[in-house]
Each structure stands twice: as structure tokens, then as C-alpha cells.
Amino acid sequence: MNYYGYYHGDEMKQEEMDRLIDSLLIYMPMFYKKLTTSKETDLTKSSYKKRTADQYQILGLLEHYKFLPISEIGRRLMLSRPNMTAHLDKLVSEGLVERIPDETDRRVINIGITQQGLDYIKESRKWVTNNIRDTLKVLNNDELVKMYSCIETIKSKILMIEGDHHDRINKRI
């Protein structure tokens, strides 16, 4: 077995792996940007654009989990500590999240989403959803179904990789 391992039971050739990596590096960010960039000429119509993508993702993560340690947010979103601090300072100052000392470990600071943060996510999600729907209008129903299937496959692979990554880390500890 080579460095890249096996892909669906067959050994993946290095040139195929290189093309896969190039596609991930080029097209995944492009895909994300295409879906989240507004076609509106007046971006001030939406408060969504007042946030960076990282800040929006932090709020979305906290909407799901209610609160998480700072380190866990950074790990899940792959954000460095300095970036996390800057984003959180901004979100705290705007009342969208709050710092909550951990009850069992004084060294840990949890970040919780406020009601104002939940309201912001709810409102901005409407704008984001409408923007994505508008962007995807060029696809027919069959293309949308295929795209959905592909995204579900990508999501499952990301979760598989995430689980494998944690397993390898836990084995070292």
C-alpha cells in the first residue's frame, strides 16, 4: 500500500491523488464563495455581510451546540488562536456571544450564543438561503439532486476523516 492508501478497494495512483488534492484546494473554496457571495449590488441590504465567514460559522456552530470551549470552536473550524480571539472579541462586543467560565475547570472559557446571536443567525440565514437559491437557479432538478448527493458524500467523507484524525490523536496520548 502506498502513502495515500486505498481508495474504494483499489490503490489510487499518485497522479489521481494529486488531481483530487488540486480539485479540493481550488474548487471547494470557489464553491463556497460562489454560494455565499451576493449577486446584489447593494450589499448593505443584509446584515449578514457585516460578518466574516468565520464569524458566521462560529455563530452557526454555537447555534447548534449552545456553548463550547474556545479551543473546541477553533479546532472544529480550523481557526488559529489569534484569529479566534479577534473574532470572539468582535462577536462579544456586539452582544452576539458571551464568555462563560467553565464550572469545573477555571482555565477553560466557554463561548455561548446569546439571544441576540440566535436572532442574528435566524435573520441572516434567510438572506443566505435566498442568495444560495438564486445562485443555484441555473441548475435543473436532476443537477440539483446530483449535487445534493455529491455534497452528502463529501460530508460523510469529511466526518470519516475527522473521526480517523481523532482516533490517531487519541492513540498517541
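A: One definition to begin with: helices are DSSP runs of H or I with at least four residues, numbered from the N terminus. Keep in mind that this is a predicted model.

Q: Fine. Which residues make the nonpolar surface patch?

A: Leu 20, Leu 24, Met 28, Ile 154 and Ile 158 make the patch, which covers about 400 Å². The elements that give two or more residues to the patch are α1 (14-36) and α6 (141-172).

Q: Which element gives the most to the patch?

A: That is α1, with three residues.

Q: And where is Ile 158?

A: Ile 158 lies in helix α6.

Q: On to packing. At what angle do α2 and α3 pack?

A: Helix α2 (residues 53-65) packs against helix α3 (residues 70-77) at about 115°, and their axes are 11 Å apart. The crossing of α2 with α3 is right-handed.

Q: Which residues make that contact?

A: From α2 there are Asp 54, Gln 57, Ile 58, Leu 61, Leu 62 and Tyr 65, and from α3 there are Ile 73, Arg 76 and Leu 77. By class, the contact of α2 with α3 has six nonpolar residues, one polar and two charged.

Q: What about α2 and α5, is the crossing left-handed or right-handed?

A: α2 passes α5 in a left-handed crossing. The axes of α2 and helix α5 (residues 115-136) come within 10 Å and cross at roughly 115°.

Q: Which residues meet there?

A: On the α2 side they are Tyr 56, Leu 59, Gly 60 and Glu 63. On the α5 side they are Leu 118, Tyr 120, Ile 121, Ser 124, Arg 125 and Val 128. The contact of α2 with α5 divides into six nonpolar, two polar and two charged residues.

Q: Changing topic: how many salt bridges does the structure hold?

A: There are nine salt bridges in the structure. One of them joins the side chains of Arg 99 and Asp 89, at 2.6 Å from N to O.

Q: Where do Arg 99 and Asp 89 sit in the chain?

A: Arg 99 is in strand β4 (residues 97-101) and Asp 89 is in helix α4 (residues 81-93), 10 residues apart.

Terms used
Residues numbered from 1 in each chain as written. Predicted model: local features only at pLDDT ≥ 70, side-chain atom pairs only at ≥ 80, totals over all residues. Heavy atoms only, no water. Patch = residues over 30% accessible without salt bridge, like charges linked within 9 Å, V, L, I, M, F, W, Y side chains within 5 Å. Areas by Shrake-Rupley, 256 points an atom, 1.4 Å probe, with all protein chains shown as cover. Salt bridge = Lys/Arg side-chain N within 4 Å of Asp/Glu carboxyl O. Axes fitted to C-alpha atoms, helices over the stretch in contact; angles between N-to-C directions. Left-handed = near helix turned anticlockwise from the far one by under 90°. Contact = heavy atoms within 4.5 Å. Nonpolar A, V, L, I, M, F, W, Y, C, P; charged D, E, K, R; others polar.
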